[in-house]
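Subject: Handover of a structure and findings

Dear colleague,

Please find the structure below for your own work. The findings follow it, arranged by topic.

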Amino acid sequence: MSSWALNLQQITNVLFKTRGFVPILAITGASGSILAWMSQGQDLLRSVTDVGINHDGFSWQVLWLCLAVTALGFQAWFWARVIVEEEFGARASWPYPLYLEWMPRLLGLVPFVLLIMALRNLHVPNPWLAIVLAALGAAFLIFVWFRVNLTRAMRKAIGHLTNSGFRRSAAAIDIPLNWLRRIILWLGIGYAAVAMVVLTYDPVTLPVLFGPAAVVLTACALLIPVITSLVLLGSRFHVRVIATLLIIAVVVSFWVDNHAVRLTGPAPTRMQLKDAYAAWKKPFEGATGPIPMIFVASEGGASRAGYWTAAVMSQLETETHGEFSKHIFAVSSISGGSLGVAGFIATVKDAQAQKAIANGSLDLREAVSKFVGQDYLSPALAGMLFPDLLQRFFPFSVFPDRATALEVGWEDGWADHCSDKLPCDHKSRLSENFMELWRDTPNLVPVWLIGGAMVEDGRPIITSSVDFGDSIDAWDFHSLTGHDVRLSTAILNGARFPYVSPGGTLVEPKTPQKIAAIHIVDGGYFDAAGVEAVRELAESMLGPGGIAANDDIQPIFLLITNDGINPPFEPDTGGQVARPSLPIGCRGKAVKSGCPGQKGASSVAPDLVGPLVGLYRSRSAHGERLKALLYRAPPRRAGSNVPSAVLAVDLCEYAVPMNWALSENARRMVDGLLLTRDPNEKRECEKANNAAFSDLLAALRK
């Protein structure tokens, strides 16, 4: 065999034996890339690094971030070295020593480099953290570079002590030194096992303390020892570990499902729609002129939607001195918007909170926003990367899933929110049953419609406080299951957007055709804006023969959106003006609306990717069409001269990431948009927001 063939064979052999470098690089590279180039990851870093109005604040989560990236770098280097030493033995026998020595070092530097790049991409005004990380990376490199010389010096010292008669002192150094590699190896595996147990039991306390960025990096650091150990074990027994793990996960998924929706007791008897309307109308008896009847639709978008919804509704409640909530008949919410609605309704209906608001010791908007703006991503990530990940390879359903972790995070968030400074009647409100909100005050309005969707047929599933009968074309969650759920679970019924939150399983649902189980996912799959439920509800109530058909009602539809566009559509001309035939979302706002959209992945392997991209884009277009339907033909009372109003308030161009955690400055940005309403505003979106506020305030003052 020629020399080049021998060299090629040797190179191939070295690469094969060091194939364990690939998962290490994938783990370190993926975690760092998320923080460096994804908007959600960048906002997580911003929440740690960019604190305070002057960007000079300090968060203790910086300490955990630095420790996490150091641990990840060390684990990447150490376990890559374990691979080298297990496969090639002593240094003197290494082929291609430059590769085998420097590749582990470079793998260890990857987290530091990517995190520094992430900080550079953030344009953080204070560079001190980047300097600290660069110093940590340099210290790490110096350590791995000189550790061999340090070890040799210690060996030499041991020999000197032995020759001098200090055998015990020499043994005290020699024994730990000989066992050091093995100690670190087992500590890495043991640490991962302990973290799994602790975070399975409590996925909230420590993750919230560390912060989401540190949670991701720590999980990756603990994953490396496990994966590397399995790769080495597989190498010994000639098993392809990564492929085997994927096969196990697929096979186990056929009979193991730990994503069951957390049902509670039997579903209580809910108020009929006509009774809910009668209760809403009662305070307005004797009123002269049309009664404003508000239907709110809150668009989805994780904490971004939740925070914006909570802020808008709370601000309107404050500026109308409580009239806003009295005039709301129904709220339809999707995904994160439901979290904002939950915070608003629970606070408005809380006697102690209302007392504090009345005496001026509590600001409603600040109180509700504080609850919604907490870090709920860390519990979800901890649940996903620890117990839920392990469950994928376990043949029995024993571990809680990441959905449960997120729900518990909300429950604990409300309990923390209800501190001595923020008094509440029910600190356990979010862990209580959904219908408990309506038990103490049976005439409580508004009607709340939380939109989810069924995987099996794509139709909406609505978790509702009333029995809406045939007024809405949707499945009714309580009728399907025969059970109630916690308030936190009800919120998640509309916020199960993969892959942060899994689809929920409902066993033996009460459907016309018998089926073993169905699955509920995010309502945004069907209607991201949540408009269709309130449109159908209003149409049923106000149309001929409806329960509100004979009353003097002024329907007002308030859309709380985060599309970056307001008004969403240009009005129709009724054919009076010649204009191009375009979709309503592309008339006049092609740049903002994305017409025809971005090329994206559809240009790569279009035969393979095109159908998937088309399905996803069709989902967005379907939501746009439902919103357009409300704008073009809003329901109104038959024969009435009182027009229906469709008002929208949007986040405009403010690029708030879609996360279950928002940085302090992202929250401040949202607050500024809401509170700084310039009457001379020139920007179109902000001007439309101001007009919507003014129109709604004027309607409620009549």
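**Helix packing around α16**

The helices α12 and α16 cross in a right-handed sense. Please note that the model is a predicted one. The axes of α12 and α16 are 8 Å apart, and the packing angle is about 165°. Since an angle over 145° counts as roughly antiparallel, α12 is therefore roughly antiparallel to α16. On the α12 side, the residues that take part are S303, G306, Y307, A310, A311, S314, Q315, E317 and T318, and they meet L364, R365, V368, S369 and V372 of α16.

Helix α16, which covers residues 364–372, also packs against helix α14, residues 337–348, with the axes 9 Å apart and an angle of about 135°. The pair α14 and α16 is therefore oblique. The crossing of α14 and α16 is right-handed. Here L339, G340, G343, F344, T347 and V348 of α14 meet L364, V368, F371 and V372 of α16.

With a relative accessibility of 4%, S369 counts as buried, because the cut-off for buried is under 20%. Apart from neighbours within four places in sequence, S369 is in contact with Y307 and A311. Both Y307 and A311 are listed among the α12 residues that meet α16.

**Two residues of α12**

Helix α12 spans residues 302–319 and contains W308. W308 has a relative accessible area of 1% and is buried. Which residues does W308 touch, not counting those up to four places away in sequence? They are I560, T561, V649, D650, L651, V670, L673, L674 and N689.

A302 has a positive phi, near 50°, while being a residue other than glycine. A302 is buried, its relative accessible area being 9%.

Helix α9 (residues 212–237) and helix α10 (residues 241–253) cross at roughly 110°, and their axes come within 9 Å. The helix α9 is therefore roughly perpendicular to α10. The contact involves I227, L230, V231 and G234 from α9, together with V241, I242 and L245 from α10.

H238 is located in the loop between α9 and α10. Is H238 buried or exposed? Its relative accessible area is 73%, and H238 is exposed. H238 is not a glycine, yet its phi is positive, at about 60°.

P203 lies in the loop that joins α7 (167–201) and α8 (205–210). The relative accessibility of P203 is 11%, and P203 counts as buried. Leaving out residues up to four places away in sequence, P203 touches S378, P379, A382 and A405. P203 and P400 are 197 residues apart in sequence, and their C-alpha atoms are 9.8 Å apart in space.

**Annotated transmembrane regions**

An unreviewed UniProt entry lists "transmembrane region" for residues 20–38, 58–84, 105–122, 128–146, 183–201, 213–232 and 239–256. Two of these spans were examined in the model. Residues 183–201 are 100% helix and 0% strand, with the end C-alpha atoms 27 Å apart. Residues 239–256 are 72% helix and 0% strand, and here the end C-alpha atoms lie 24 Å apart.

**The chain as a whole**

The protein chain has 702 residues, of which 50% count as buried. Its secondary structure consists of 27 helices and 13 strands. The accessible surface of the chain is about 32,900 Å², and 62% of that surface belongs to carbon and sulfur atoms. Where contacts join residues at least 6 apart in sequence, 77% of them link residues at least 24 apart.

With kind regards

Methods
Residues are numbered from 1 along each chain as its sequence is written. This is a predicted model: local features need pLDDT of at least 70, side-chain atom pairs count only at pLDDT 80 or more; totals for chains, interfaces and linings use all residues. Side-chain values use heavy atoms; hydrogens and water are left out. Helices (H or I, at least four residues) and strands (E, at least two) are DSSP runs, numbered from the N terminus. Buried means under 20% relative accessible area, exposed over 50%, partly exposed in between (1.4 Å probe, protein chains only). Contact means heavy atoms within 4.5 Å. Accessible areas come from the Shrake-Rupley method with a 1.4 Å probe; for residues, only the protein chains shown count as cover. UniProt positions are given in the numbering used here, feature names are shortened, and annotations may be inferred rather than shown by experiment. Axes are lines fitted to C-alpha atoms, for helices over the stretch in contact, and angles run from 0 to 180 degrees between N-to-C directions. Angles under 35 degrees count as roughly parallel, over 145 as roughly antiparallel, 65 to 115 as roughly perpendicular and the rest as oblique. A crossing is left-handed if the near helix is turned anticlockwise from the far one by less than a right angle, and right-handed if clockwise.
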